[in-house]
Structures are given as structure tokens and as C-alpha cells.
Amino acid sequence: MSTGQEPENKNLAYYCKRFANLGVNKQKGSKAPHKPILLLSIIDLIAQGIINENQIYVSDNLLKTFEKYWNVLVASDLWEKGLYYPFIRMKTDGFWHITPKSGFKGSEPKTTNKLKEAVEYASLDSELFNLLQEPHYRAELIDTLIAAWFSSNRDDIGDILQVNQDFENVAQAETEISGLAGNIDAEPRFYLTKSAVRNAIFRKAVVHTYDYKCAFCRLKVIRNFTQNIVDGSHIKPFSKFYDNQINNGISLCKNHHWAFDQGWFAIDDNYRIIVANDLEEESPNARTMKDFHSETILLPSLDQYLPRLESLHWHRVNVFRA
Ligand SMILES: [Zn+2]
């Protein structure tokens, strides 16, 4: 063991850990969502290029985005919405720095206007700001926030997904409208609508429903609560059907997710595995895929989350190649 304090490497893993362990207030067992929502809003605006330098102002864009995420992700009315709650407090989390206006006494502003009077801007650690320029790192950090703060218990998942599905419908309607109007400047676009939030919530909800196990082979490997070996996979592809309901999902390890998407196996109406008969396999240390033929997949404990038969049927007809 080395002695003394070694500086921590401020890489993606470091910030995933920070994001999963934000210091927040608790009420009736529920954790205050303000900080994770502030971070999601900032990531969104960086992705859109609206925040393009490391000076984060209390702008109308930030206020609007914060409100949108709040409305989508916070189902309970336990918490009072307000950007002024987390904006200064987040400096205790180590990566967020406040540049106050002269004359700011340090007492917490209780309204948005007071916040604007108190703060020039905030900035992130430069290491974090640099990471957030990369789509792949943004996706990881968003996943971490969603996993740590918005899919923590089974009862919430249906609500969150329902909200997410409604959100998706609204987002699509908005896209159609703005497409017709042909006006790209009308509203700030909402980057995470279509990709990251939808996918993050869906994936986390589905894998949580299957207890982080592969429905095909039961493999379960977790690291640090934020990484696991299984994916929440769509049965009918999202790109065609826009169906983010949990019963259009199934939890599969990386291998079996890929094999499912290629049509190497399918699932029948009794949830039994059908494996294509032309696979050539060698698997000295684990069971072959063919060995699982006609076994029942792992099923979620709640009936409402069972894979929808109509989705499984669609996959057998359109993807599976016997
Ligand atoms: Zn598997």
C-alpha cells in the first residue's frame, strides 16, 4: 500500500462515480432529483452545441431544459422544482465551480432572479468538460445518471417508462410539426429526446426487470453498480416501431443480444427458445446455443413485463432465420 494521498485520475470512471454519488437531500426515502436533472440538462445543451465553452450561465435555455427534464423524470410532487436549489449547492460535489458576482454574500438564492444576481456563471472541471465533448462519453455519463437516480426501485419503473413513452409521443409530434414548418430555429432542439434518455431509461428498466441477468443464458456480471454485461434489447426495433414499452424489451448478454438481432434464435409463444439449426458451434467452457433449444427463457417476476407475444411473433416472422 502506498502512503499519502495520490491524486485521483479524473477520467470517465471517476466522473461516473461522482455522478452516482452526488450529495442530495432525502425526504420520505426519496432522493432529491435536482442535481442529476441539472447535469442532464447541461449535457443536453453541450450535445446541441448551445453550451460550447466551460461557462454555464443561468440562461433561458438552461431553465427551459431543466424544466423539461423535470417534467419527464420526476413523477412525485415531493420536491419543489427550481434551478436555484442545485446550482450553487453542487459545488460540494467537487467538479462544479461557481464564479460569483461581486457582492454575493454566500447565502443561497431562493428564486431564479436572485440566482442570476448572485452568480456570474458556473464551470465544470476542465477534464469533465472535455469528456462531455465526446458522444460516447456523454452516453456513459447519462446512463450513469439514469441508472443511479431514476430507476432505483421496481415500482417506479412502470411510471418512468410510461412518462417516457408519453414524452416520446410528444417528441415525435413536435418533430413532425417542426418538420412541416421547416423552421429549425423555432425552439431549442432537445438532443436527448430521441437517443440518450429514451435508450437509457428503456435499457435500465428492462435489465432491472430481469435482475441484470441474460434471459437466454442467465449470465449476470455487474461492476460498480453502473456497468453490467446485459443489454435491455428491443424485440421489435425502436427505429421502426417507436415502442419503448417494457414488454417490447428483453434482457440479453452481449452475445445473445447480437445473436437475437441477427435472427440466430427466436422465442415461441410459450417463451421457449428456438435456435437456428445451421449454427456451427464450439464452446469448450460454456453450454452451446443449441443446447438451450426448447428451454424456457428467464422471465420477469411481474406478469405485466413478460415479453409481449405479438412482439415475439413479429421477431420470428421478420428476423429469425431457421
Ligand atoms: Zn446470454
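An angle over 145 degrees between the N-to-C directions of two axes counts as roughly antiparallel. In this predicted model, helix 2 (residues 34–47) packs against helix 7 (residues 135–149) at an angle of about 160 degrees. Helix 2 and helix 7 are therefore roughly antiparallel to each other.

**Helix 2 with helix 7**

- The axes of helix 2 and helix 7 are 11 Å apart, and helix 2 passes helix 7 in a left-handed crossing.
- Helix 2 contributes Pro36, Leu39, Leu40, Ile43 and Ala47 to this contact, while helix 7 contributes Arg138, Leu141, Ile142, Leu145 and Trp149.
- By class, the contact of helix 2 with helix 7 comprises 9 nonpolar residues, no polar residues and 1 charged residue.

**Helix 2 with helix 3**

- Helix 2 also packs with helix 3 (residues 60–73), here at an angle of about 125 degrees and with the axes 9 Å apart.
- Angles of 65 to 115 degrees count as roughly perpendicular and those over 145 as roughly antiparallel; helix 2 and helix 3 are therefore oblique to each other.
- The crossing of helix 2 past helix 3 is right-handed.
- On the helix 2 side, the residues that meet helix 3 are Ile37, Leu38, Leu40, Ser41, Asp44 and Leu45. Their partners in helix 3 are Asn61, Leu62, Thr65, Phe66, Tyr69, Trp70 and Leu73.
- This contact of helix 2 with helix 3 has 9 nonpolar, 3 polar and 1 charged residues.
- Leu40 is listed in the contact of helix 2 with helix 7 and also in the contact of helix 2 with helix 3.

**The chain as a whole**

- The chain contains 13 helices and 10 strands.
- Of its 322 residues, 36% count as buried.
- Among contacts between residues at least 6 apart in sequence, 68% join residues at least 24 apart.

**Confidence**

- The average pLDDT of the chain is 83, and 81% of the residues score at least 70.
- Residues 170–195 have a pLDDT below 50. Beyond near neighbours in sequence, this stretch has 21 contacts in the model.

**Loop residues with a positive phi**

- Most residues other than glycine have a negative phi.
- Arg218, although not a glycine, has a positive phi of about 75 degrees. Arg218 is placed in the loop between helix 10 (196–209) and strand 5 (222–223).
- Arg218 counts as exposed because it has 12 C-beta neighbours inside 10 Å, and the cut-off for an exposed residue is 12 or fewer.
- Ser294 is likewise not a glycine, and its phi is positive at about 70 degrees. The loop between strand 10 and helix 13 holds Ser294.
- With 10 other C-beta atoms within 10 Å, Ser294 is exposed.

**Other exposed loop residues**

- Gln304 lies in the loop between strand 10 (273–275) and helix 13 (309–318), and Gln304 is exposed, with 10 other C-beta atoms within 10 Å.
- Gln304 and Ile246 are 58 residues apart along the chain, and their C-alpha atoms are separated by 8.6 Å.
- Ser107 is located in the loop between strand 3 (96–100) and helix 5 (112–118). Ser107 is exposed, with 9 other C-beta atoms within 10 Å.

Terms used: Residues numbered from 1 in each chain as written. Predicted model: local features only at pLDDT ≥ 70, side-chain atom pairs only at ≥ 80, totals over all residues. Axes fitted to C-alpha atoms, helices over the stretch in contact; angles between N-to-C directions. Helix = DSSP H or I, 4+ residues; strand = E, 2+ residues; numbered from the N terminus. Parallel < 35°, antiparallel > 145°, perpendicular 65-115°, else oblique. Left-handed = near helix turned anticlockwise from the far one by under 90°. Contact = placed C-beta atoms within 7 Å. Nonpolar A, V, L, I, M, F, W, Y, C, P; charged D, E, K, R; others polar. Buried ≥ 20, exposed ≤ 12 C-beta atoms within 10 Å, placed from the backbone. pLDDT = per-residue confidence, 0-100.
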